[in-house]
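Here is a quick tour of one protein chain, written for someone who likes the cut-offs spelled out. Have a look at the model first, then read on.

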Amino acid sequence: MREKHRQQQQARQRQDSDEKAENKAGLEGRSFLYVGGRDCQVAHLRQIASSYGANLIHHDGGLREAVSRIDNVLPSVDCVFCPIDCISHDACIRVKTGCKKWEKAFVPLRNGSKSSFERALQSMTQGDNTQ
């Protein structure tokens, strides 16, 4: 009985793993802009995006980088993420305006956490947030 239960658990784990891999493949080759957030998390956010096969470009939202640089990057990305708790008002308006102009998806994030970003990516793989 225990052996059968263990085999069923392993089968479920393999199925879950296969589904996650299949979902992550849905973002392969896409490029995202993340504006704002915390500098200390950028490497982690890039790693998360990379695990989905995507490229993440970061802009600090105007702390050290010119906000006008956002205009140069927008045409080359598929989607823009903005954590609404860690971005200047000016940068957020510029991003939203640029997204409308270039017809890019704008995804506001509840906060600048890694889990918030990963949930947004998972949502995109399931077709909830695609352009």
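Serine 31 lies in strand 1, where strands are DSSP runs of E with at least two residues, helices are runs of H or I with at least four residues, and both are numbered from the N terminus. A word on ground rules: this is a predicted model, so local features need pLDDT of at least 70 and side-chain atom pairs count only at pLDDT 80 or more, while totals for chains, interfaces and linings use all residues. Residues are numbered from 1 along each chain as its sequence is written, and side-chain values use heavy atoms, with hydrogens and water left out.

With a relative accessible area of 12%, serine 31 is buried. That label means under 20% relative accessible area, with exposed meaning over 50% and partly exposed in between (1.4 Å probe, protein chains only). Setting aside neighbours within four places in sequence, serine 31 is in contact with Asn55, Ile57, Ser76, Val77, Asp78 and Cys79; contact here means heavy atoms within 4.5 Å.

Which residues of helix 2 are buried? In this helix, residues 42-51, they are Val42, Leu45, Ile48 and Ala49. They cover an arc of only 120° around the axis, which puts them on the same side of helix 2; the arc is taken over the directions from the helix axis to the C-beta atoms. As a reminder, an α-helix has 3.6 residues a turn, so residues three or four places apart point the same way.

The buried residues of helix 2 pack against strand 1 (31-35), strand 2 (55-59) and helix 5 (114-125). On the face turned away from that buried side sit the exposed residues Ala43 and Gln47. Just past the end of helix 2, glycine 53 adopts a positive phi of about 80°.

How many disulfides does the structure hold? The count is 0, taking a disulfide as a pair of cysteine sulfur atoms within 2.5 Å. Cysteine 79 is in no disulfide, and its nearest cysteine sulfur, that of cysteine 99, is 7.5 Å away. For cysteine 99, the closest cysteine sulfur is in cysteine 82, at 7.1 Å, too far for a bond. Cysteine 79 counts as buried at 0% relative accessibility, and cysteine 99 also counts as buried, at 3%.

## Salt bridges

There are 4 salt bridges if you ask for a side-chain nitrogen of Lys or Arg within 4 Å of a carboxyl oxygen of Asp or Glu. Among them are these:

| Glutamate 65 | Arginine 69 | 2.5 Å |

Aspartate 85 counts as partly exposed at 41% relative accessibility, and arginine 38 is partly exposed at 36%.

Glutamate 65 is partly exposed, with a relative accessible area of 23%, and its partner arginine 69 is partly exposed at 31%.

Aspartate 71 is partly exposed at 29%, and arginine 94 counts as partly exposed at 32%.
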